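Hello,

Please find the structure below. My notes on it follow.

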Amino acid sequence: MIPATRHRLAALLVTLLIAGCAAVSKVEVGQTLVGDRLVIQVDSAWNRFERGLADNTPTWTQEGITVDALQFYPGVKDGEEIAPPLRDGQKKQPLTFKASMQPVEIVALFQALHSRDGSSFELQKIEPAEFVGVRGFRCEFAVIRKIDDVRLRGMAYGAVRDGRLYLISYTAPRLGFYAKYAARAEAIARSASLKS
């Protein structure tokens with residue numbers, strides 16, 4: 001089998017597995033609560049995977065989960081992992097959040113999450129930004145997904161508030177889809193606040 005065909009077949013199998021394991025619902029326009037406290041404003045409809053992906057991260061999409069993904073980390077506690085360990089045969093690097101982490105350390109944790117399956121991650125920019133009512137950060141990055149060699153662009157907003165990590169990230173193929181939906185994802189991230 002040709003490597004490119006093998007990659008396409010693997011991507012199709014992943015899509016079918018995800019589709020069979022997760023219920024999808026529509027996120028309507030308006031104010032929405034993600035997790036217990038993360039409040040966001042939605043200006044256009046999205047599709048929500050009820051149980052997230054394999055790591056149960058709340059995930060929304062416009063075009064399909066293997067195309068674009070808006071992911072939410074709504075209040076990861078100090079000492080908690082941002083995602084469970086992968087299966088045998090893959091890197092088992094712990095992905096534990098610490099409330100004392102600085103923005104570059106949080107981005108390094110996020111990088112480890114995106115590259116633990118062998119994908120490559122390149123941080124392109126990090127800068128201070130207000131998020132959930134406190135000083136946080138905004139970053140831009142690139143990922144080459146190992147399973148199918150697709151080049152993704154991404155951005156994320158994050159901040160530590162009351163000892164918890166709040167983070168919203170968006171990734172999509174850099175040609176076409178990222179430019180089409182990044183502004184919508186960015187508007188959601190900028191609208192984020194915490195429920196009192």
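How many bridges join strand S7 to strand S8? Strands S7 (residues 120-131) and S8 (residues 134-144) run antiparallel and are joined by 11 bridges; strands pair if DSSP finds at least two bridges between them. Helices (H or I, at least four residues) and strands (E, at least two) are DSSP runs, numbered from the N terminus.

This is a predicted model: local features need pLDDT of at least 70, side-chain atom pairs count only at pLDDT 80 or more, and totals for chains, interfaces and linings use all residues. Residues are numbered from 1 along each chain as its sequence is written, and side-chain values use heavy atoms, with hydrogens and water left out.

The hairpin of S7 and S8 has 2 residues between the strands, and Val132 takes a positive phi near 45° there. Phe131 has Val134 in S8 as its bridge partner.

The structure holds 7 salt bridges (a side-chain nitrogen of Lys or Arg within 4 Å of a carboxyl oxygen of Asp or Glu). One of them is between Arg138 and Glu140, at 2.6 Å, N to O. Arg138 counts as buried at 10% relative accessibility, and Glu140 counts as buried at 17% (buried is under 20% relative accessible area, exposed over 50%, partly exposed in between, with a 1.4 Å probe and protein chains only).

Arg190 forms a salt bridge with Glu186, with the closest N and O atoms 3.5 Å apart. These two are 4 residues apart in helix H3, so about one helical turn separates Arg190 from Glu186. Arg190 is exposed at 61%, whereas Glu186 is buried at 12%.

Regards
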